Amino acid sequence: MFKNKKMLVLLTLCFTLLVAGCGKNAGTNQESDVGNSSNSGDKITINFMHLWPEGVSAGQNKIVNEIINEYQTEHTNVTIKTEVLDNEQYKNKLKVLSASKQLPDVGVTWAAGFMQPYVEGGLFAQVDDLLTGSLNDKFVAGTTEAYALEGHTYALPLEFNIAPIYYNKAIFADNNLQVPTTYEEFKNIVKVLNEKGIAPIALGNKDRWTGSLWYMYLADRIAGQDVLANAIQGAETFKNEGLTKAAQEVQALVDANAFNKGFNGLSNEEAKSEFLNEKAAMYLMGTWELPNFTTNTEISQEFKDKVGFFKFPTVEGGKGNIDSWVGGPGVGLFVSENSKVKEEAKAFVEYFVQKWGERSVTGAGVIPATKVDTASIELPQLYTDLFNEMNKASSVTLFADVQMPANAAEIHLNQIQALFGKTVTPEKFSELHDSALSSQ
Amino acid sequence: MDKVMSNKKIIALYILPALLFIIAIVYVPIILTGYYGLHKWNGIGAMEFIGLENYAALLKDQTFWSSAWHSLLLAIFSTLSLVIYLVVALVLSSRIKGSNLLRKIYLIPMLLSSVAIAQLWLKIYHPTNGILNSFLASLGITNTPEWLANPDVVLYALFIPILWQYAGFYILIYYAALKNIPKSLEEAATIDGANAFQIAYKIKLPLAMEVVKVTIVLALVGSLKYFDLIYVMTNGGPNGASEVMASYMYRIAFKSYDFGYGSAVGFFLLIICLVVTWIVRKLTANKDQTQYS
């Protein structure tokens, strides 16, 4: 092939030069980018990573892009570069990026337990100053606190959610069922629906936090909100009589065939489709599902008109209040501590949170963490009703898996699946929770 | 050309880029994983050196051993199924009608991505609308199994798509090996009066043995580190009933935020794979040892 080895060496050298040349080019490009952004007043690029892909969260995606476009028009020197990932992938990517301290300038985070390692690792910037600026007094009480650690706020919340039980009015009417206010009535509904061959409750417990909602509500209604809240924080034992009773009630519901068949192997999405296809009558889920029952044009109006909600019923002899909810802030925005454009990123977050509050209600049908004047805008009835319930809430207990530190949350979630699958006794369930939370 | 290739320096020059790549992408991370395993680390903050504590905890970790048992079961099943693949390949390689088409049909699962296969089988296993339970219901079975929710069934329900996924791959390898056997041997045997079974058993099989050994190692190690379908279909659930070593490692590192312990699990997994490979090589070694792995 080749006449002699000189030629071969020459050829190799050529390739080496070519490759090296490419590398060099890329290198200089990057450098000039960095140079630009650190120089305020000149061109600035803010990297923004979020989790509302066009396919899954069309409404949110549109609003995000609108806000970014407006911001760029108002601040011509700023370019916002977005990276969009799906929920689970987002969490993984954030984790990987944090290991190399290369978080985006602005990103999405969850409250409390999720945020803790990032804050302790010094990756999130404090945003206390933003709370006193134009956003002063704009947040719903109790939302920013979930993003605070040791007196400092590390992210600004975008959403606020509570979890009602959605139900299919048509199925209820066909079977002469009334909205339950007591747990006995609720159990009766389960019984009647089962006799008619309709799955009473849609539950996708492969995702585990879905089952956690049921346990939390039962715990809240039986043992009382303060006991539940203390137990999650490790200040009360899960062996508390009321909490063990709640675990027993979960298994009683499973025995009564309250949930759709095979729930432990179904994802939340699959369970939701049972409810959307009217194969199941009830669905306990956060208010982030509201768009699907109000504004989402891909779901038929006929079905949307059938959806109502009720509060988790009170349990006889229980200490809970019917106006006590499980819920809490959804996602919030953080600014990276290592960002080269920290101040600009903060300004963008401030702008974003404000605009999000104005837009998300009508555009995406979600409930923002900032205060909303429901009287001034036209809103779907379901939305307004839930919104008013939220303002009446006696307490809102933050989702257990969000509140607990990551490894305790993982044990909690696995035990929830075991509890629903009846592979663990309520007593053992309590015991494992205690040991998980005390080892922190 | 010969002259060039006999020059040691030139050989080194050509090997170097690939070697550097492999060191940077494979070996350095392996060593780092072992190193991280010696620490208490949440993946973000400071690392705290704790010696062999993670590995000691691992040996006592029941969840790890149950997931190791699941991995082992998968390894056993996939190795046993090699026999079936070999039989299929033997049939396909003999001149039967439509063998060409059949070969392509067997290969299709391999062309699909794992996630697509997972979605497909999630639909098949759906407890109420799934094709499998619909079929069982039409046969008059009222209490149809909850394939992915029942802790006693879920693992085996997952094995089926996993085996199905790789069937085409092994059949193709065997097919190629059997096609390589010279026709003259087969003809000579036929003249001597051997029947099809004898040809397969006495001639084709011994000649394809080296390839069979390679596939045993591939199947064993592939099963021990298996992850994708399980992750998508059950995420190791319900409550660890379908957890395998790799999914357990993922859960520890990315869900429980315990990178130190997760790394220890990963490193241990590597050691198990190496030991298994070594044992299989020892067991299948013959006098004129051929290196294949």
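This is a predicted model: local features need pLDDT of at least 70, side-chain atom pairs count only at pLDDT 80 or more; totals for chains, interfaces and linings use all residues.
Me: Where in chain B is confidence lowest, and where is it highest?
Reply: Chain B averages a pLDDT of 89, and 96% of the residues score at least 70. The lowest confidence in chain B sits in α1(B), with a mean of 68.

Me: What share of the contacts in chain A with a separation of 6 or more comes from residues 24 or more positions apart?
Reply: Here you take the contacts in chain A with a separation of 6 or more. Then you pick out those between residues 24 or more positions apart, and they account for 77%.

Me: Is A:E150 buried or exposed?
Reply: Find A:E150 in the loop between β4 (148–149) and β5 (152–153) of chain A. Its phi is positive, about 50°, although A:E150 is not a glycine. A:E150 has 7 C-beta neighbours inside 10 Å. A count of 12 or fewer puts a residue in one class, so A:E150 is exposed.

Me: And A:N176, is that buried or exposed?
Reply: A:N176 sits in the loop between α6 (169–174) and α7 (183–195) of chain A. Its phi is positive too, near 55°, in a residue other than glycine. Because A:N176 has 7 C-beta neighbours inside 10 Å, it counts as exposed.

Me: Which helix gives the most to the side of chain B that touches chain A?
Reply: The contact between the chains takes 30 residues from chain B and 28 residues from chain A. On the chain B side, α1 (2–5), α2 (8–36) and α13 each supply at least two residues. By class, that side has 14 nonpolar, eleven polar and five charged residues. The helix giving the most, with three residues, is α13(B).

Me: How many of the eleven residues of α13(B) are buried?
Reply: Look at what covers the buried residues of α13(B): the cover includes α17 (406–420) of chain A, together with α4 (62–93), α11 (209–224), α12 and α14 of chain B. Among the buried ones are B:M245, B:Y248, B:R251 and B:K255. Just after α13(B), B:Y257 takes a positive phi of about 55°. Of the eleven residues in α13(B), the number buried is ten.

Me: Where does B:P238 lie?
Reply: Start with its peptide bond: the one from B:G237 to B:P238 is cis, with omega near -10°. As for its place, B:P238 lies in the loop between α12 (228–233) and α13 (245–255) of chain B.

Me: Are α3(B) and α14(B) roughly parallel or roughly perpendicular to each other?
Reply: Helix α3 (residues 53–60) and helix α14 (residues 259–284) of chain B have axes 9 Å apart and pack at an angle of about 70°. The crossing of α3(B) past α14(B) is right-handed. Angles of 65 to 115 degrees share one class, so α3(B) and α14(B) are roughly perpendicular.

Me: Which residues of α3(B) meet α14(B)?
Reply: On the α14(B) side, the residues are B:G260, B:Y261, B:A264, B:V265 and B:F268. By class, this contact has seven nonpolar, two polar and no charged residues. From α3(B) come B:N54, B:Y55, B:A57 and B:L58.

Me: Are α5(B) and α8(B) roughly perpendicular or oblique to each other?
Reply: In chain B, the axes of helix α5 (residues 99–111) and helix α8 (residues 154–179) come within 6 Å and cross at roughly 130°. The crossing of α5(B) past α8(B) is left-handed, and their contact has eleven nonpolar, two polar and one charged residues. The crossing angle of roughly 130° therefore makes α5(B) and α8(B) oblique.

Methods: Residues are numbered from 1 along each chain as its sequence is written. Chains are lettered from A and ligands numbered from 1 in the order in which they are written. Axes are lines fitted to C-alpha atoms, for helices over the stretch in contact, and angles run from 0 to 180 degrees between N-to-C directions. Helices (H or I, at least four residues) and strands (E, at least two) are DSSP runs, numbered from the N terminus. Angles under 35 degrees count as roughly parallel, over 145 as roughly antiparallel, 65 to 115 as roughly perpendicular and the rest as oblique. A crossing is left-handed if the near helix is turned anticlockwise from the far one by less than a right angle, and right-handed if clockwise. Two residues are in contact if their C-beta atoms, placed from the backbone, lie within 7 Å. Ala, Val, Leu, Ile, Met, Phe, Trp, Tyr, Cys and Pro count as nonpolar, Asp, Glu, Lys and Arg as charged, and the others, Gly among them, as polar. A residue is buried if 20 or more other C-beta atoms lie within 10 Å of its own, exposed if 12 or fewer, and partly exposed in between; C-beta atoms are placed from the backbone. pLDDT is the predictor's confidence in each residue, from 0 to 100.
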